[in-house]
Amino acid sequence: MSPSFFAESRRVVEYRLNRRGEFSTSSQGLRGLARTEQDGLQWGQQSSAERDAVAEAARLAGPAAAVAQATLEEPLPPWLEAEAAERLAGDLQQRGVAGGAAWCEVVVQHGLQRAACGAEAEPRHGLREWLILELRAGLADGDSVWRCFAYPSLREALDAPQRVQARLQELLDALLSGPRQPCPQGWLPVVMAPGSAAGSFFHEVCGHPLEGDVLLRHGSYLSTRLGEKVAGAHLSVGDDPTRGGEAVEYAFDDEGTPARPVWLLREGRVEEPLLDRRTAQRLGRDSNGHARRVSYRSAPLPRMAHTFVEAGPTPAGELLAGISHGLYIQHLLPRHMGLLSGEFSFSVVEARLIESGQLGPRVLPGVLRGTGLDALRVLEAAGDDGRSLQSTRGCRKLDHGPLRVSFGQPTLRFEGLQIEPGP
Amino acid sequence: MSALLDAAQARVRESPGASFWIREGDTLSYEHEPSGGGSSSLCRETVVEARHTTAEGRRGVATGRVSTAEELTRLWEQARSRSAAGPLLASPRAISSPPLEGPAAQVSPDRARGLAQALCAALPEAVLQAVLVRQLAHTFSVVEAQGLHQERVETEELLVRAEARPGAVVEGARGPLRAVPLPVAGVVEGLRAQLETLVAPGRAPTAELPLVLRPPVSAAVLGGLAWMLGGDVARSSPALAAGAGKRLFPSTLTLVDLAPAGGRRFDDEGQSCAPLTLVEAGVLRALLHSRPTAAALSQPGSGRGFFHPELEAVVPSPLNLTLLPAAPPPLDRYLELTARVETFTTQTQPGLVSLIAGGWEVWGTQRTRVGPLELELPVSATLRQLIGVADDARWSPSFEGVLAPSLFLAGGWRRPSRGAVPGPLRYG
């Protein structure tokens with residue numbers, strides 16, 4: 001395989017307005033180049049930063065030299081200035097407190113990455129941009145609610161303040177909906193909210209188990225089940241870096257392979273792993289555009305970008321019907337995942353009771369636990385209302401992180417999952 | 001490097017208040033595919049933190065990767081522009097350091113591959129998720145008006161993560177890069193012991209027995225303690241910020257932070273990394289401080305300001321934090337936790353360590369498998385139960401700067417009911 005390269009110039013600025021009204025800024029700037037060569041099954045990458053990278057770029061062969069040099073030397077577009085971020089965050093904080101919250105915190109992250117990569121004879125290049133806004137508002141007793149949303153560009157964010165304000169109102173409505181009940185315990189019908197942070201469920205339970213490196217070592221409960229049916233025909237889970245909107249988006253991956261959607265599960269059947277060039281070669285397949293790097297300093301790995309559950313035909317509003325006592329989950333955080341056995345546990349951070357087919361009060365933190373195969377088997381319906389979510393948290397696979405990922409899903413109903421009160 | 005050093009020294013001579021921290025060298029990461037092959041990534045870069053301290057003692061900093069004298073100057077100008085609004089610091093303590101001797105050590109992909117292959121060959125039965133060898137050959141320089149301090153850090157780390165039924169377990173070792181490659185026997189033995197513990201589910205503990213946390217498990221508690229005693233965290237905890245001289249723990253607890261042999265002599269702010277006693281026989285003596293956190297609490301600096309690569313800033317961090325041995329009472333019956341399942345986070349709330357661990361209930365010579373159990377250990381309440389510390393401290397691959405020994409804790413923990421099932425094991 002011919003040598004390949006990856007050049008990037010990146011700036012990520014993050015602004016935080018804490019509950020005491022203190023505004024802080026952090027900023028990361030990176031400019032560097034990595035060159036990868038293969039010798040049998042050994043892949044070696046050498047990377048360098050700043051001026052050294054520009055000098056290295058000049059030594060690349062063919063059109064790659066000019067493309068890489070331009071990527072490193074062209075200035076990035078303007079990024080969100082502190083003044084504008086402080087104004088935006090201050091306005092949201094003020095609205096949050098005026099709306100009844102005891103405190104409100106705002107994080108705004110704006111990222112710009114100019115990247116070029118691929119084979120030296122056929123380089124690809126482009127600009128990636130994202131803007132993520134996170135809101136957390138709370139009460140004096142420590143109760144708090146979190147919401148997050150993303151824009152594909154700074155301009156779209158600044159042009160749509162009503163959308164931010166609508167999300168803030170949604171957050172306040174949840175926060176001020178009354179005292180929380182104890183989290184229920186037992187095997188209960190569960191509904192996951194659309195586009196909510198519950199999307200991390202499929203990232204952990206379906207995504208990581210079907211990454212190429214995991215398949216190579218037969219390292220997950222799904223890795224030996226390609227082609228097998230593990231869920232109902234109403235469940236399709238994919239990873240698609242080309243969807244845009246609130247999702248992580250790229251036209252080519254960090255090895256220059258064109259991005260394309262990959263079905264992890266299609267109509268309930270285990271379909272295709274996520275591959276970079278190295279794992280594709282080992283598995284006798286072609287890369288499907290899922291090689292991702294944390295930066296030029298890290299080697300690429302097969303990773304997720306935007307993991308989604310395909311919307312189904314059932315009107316979302318009907319998914320609560322018939323549930324006499326259950327849980328509506330809006331925010332999950334992963335606790336642990338056993339890839340081999342499929343055993344998992346998640347912290348239930350935000351959820352509401354379902355009582356007689358209606359949404360009830362919010363509940364205190366809980367724990368969701370089970371195994372992947374059982375959970376996929378009891379997923380009984382997908383609603384018609386898919387939404388996406390992207391946060392600043394990122395994925396930290398094998399300590400390669402944080403890497404931006406996003407989730408998308410419609411309202412989903414599980415016949416039953418194991419729930420218990422949490423810490 | 002010498003051109004950059006020359007430029008930094010010239011700037012320091014010309015501009016009162018200017019100083020620089022420079023890290024230069026190679027970082028090699030070799031990730032082995034247990035099924036064959038592997039990938040190495042060699043990163044060669046120079047990271048600079050430029051600093052400018054005003055006549056009043058306010059400091060501004062700017063960090064970046066630089067290659068030329070011009071870039072270094074631009075960075076210092078950024079630092080100078082930030083200094084008027086920077087923290088007010090006490091005058092630095094002058095240190096002296098001997099000049100560097102001989103050439104720097106070289107990182108080696110072949111050596112890393114050999115080490116990874118030796119480990120895989122010794123563990124044919126395990127499903128290895130990751131085998132990583134990381135070699136660092138870095139030269140640190142602090143250039144300031146008082147002089148130039150330089151030292152090298154040349155280390156090799158081996159980290160292995162294997163699949164067990166409930167999740168992954170981790171083992172590792174660290175040693176000097178110039179010595180013979182790390183022996184894999186200890187790592188293999190440690191990993192096998194963890195996997196054996198978790199190979200099948202055990203039962204629940206039968207009584208509130210004394211608890212013995214072996215290094216894979218105790219490392220998380222020590223990691224939580226290191227976090228609590230960081231000057232940046234302690235600032236928001238009045239009990240710790242004003243706790244110097246007060247007894248916070250039992251007399252069995254003496255916590256020290258000592259540089260490993262051949263390790264750092266000065267921190268990334270040019271302060272001496274002298275051995276530090278944080279807790280002496282239960283009495284709080286010091287916190288982990290960078291210069292700004294020490295200044296904020298009006299406390300003496302402790303020379304523990306280290307550059308955090310992800311935060312791209314100097315923060316208080318331990319070098320090699322450990323508890324000194326304290327002979328435990330003889331125990332005939334106890335609960336011994338020997339394996340820890342990797343979780344996404346161990347500190348779910350500030351000061352609360354959450355774990356999933358497996359182990360054994362020991363009655364004399366009889367050992368019965370227990371767990372995996374969930375534990376929620378409030379760091380302070382848990383360490384108040386400390387009755388002994390073994391002399392088996394080990395480097396922890398999951399908790400940076402921690403050397404974890406076995407901890408012996410009194411019984412008296414409980415598992416408060418959560419619905420119909422007992423909840424996690426916890427003290428306090």
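**A covered helix, then a covered strand**

Modeller: Everything here comes from a predicted model: local features need pLDDT of at least 70, side-chain atom pairs count only at pLDDT 80 or more, and totals for chains, interfaces and linings use all residues. Residues are numbered from 1 along each chain as its sequence is written, while chains are lettered from A and ligands numbered from 1 in the order in which they are written. Helices (H or I, at least four residues) and strands (E, at least two) are DSSP runs, numbered from the N terminus. α5(B) covers residues 215–228 and reaches 19 Å from its first C-alpha to its last, close to the 20 Å expected at 1.5 Å a residue. That expected span is 1.5 Å times one less than the number of residues.

β1(B) runs antiparallel to β2(B), joined by 15 bridges, and Phe20(B) sits opposite Ala50(B). Five residues separate these strands in their hairpin, where Gly36(B) has a positive phi near 125°. β3(B), residues 59–65, also pairs with β2(B) in the antiparallel sense, over seven bridges. Ala50(B) turns up again here, opposite Ala62(B). That hairpin has five residues between its strands too, and Gly57(B) in the turn has a positive phi of about 100°.

Helix α1(B) joins the picture as well. Its buried residues are Leu4(B), Ala7(B), Ala8(B), Arg11(B) and Val12(B). Seen down the helix axis they fall within an arc of 135°, so they line one face of α1(B); the arc is that of the directions from the axis to the C-beta atoms. These residues pack against β1, β2, α2 and β4 of chain B, and contact means C-beta atoms, placed from the backbone, within 7 Å. On the other side of α1(B), Ser2(B), Ala3(B), Asp6(B), Arg13(B) and Glu14(B) are exposed.

Finally, β2(B) reaches across to chain A. Seven bridges join it to β3(A), and this time the strands run parallel. Within its own chain, β3(A) is joined to β2(A) by eight antiparallel bridges, with Gly44(A) as the bridge partner of Glu37(A). The contact between the chains takes 35 residues from chain A and 42 residues from chain B. On chain A's side, β3(A) gives the largest share, eight residues.

Methods:
Contact = placed C-beta atoms within 7 Å. Pairing = 2+ DSSP bridges. Buried ≥ 20, exposed ≤ 12 C-beta atoms within 10 Å, placed from the backbone.
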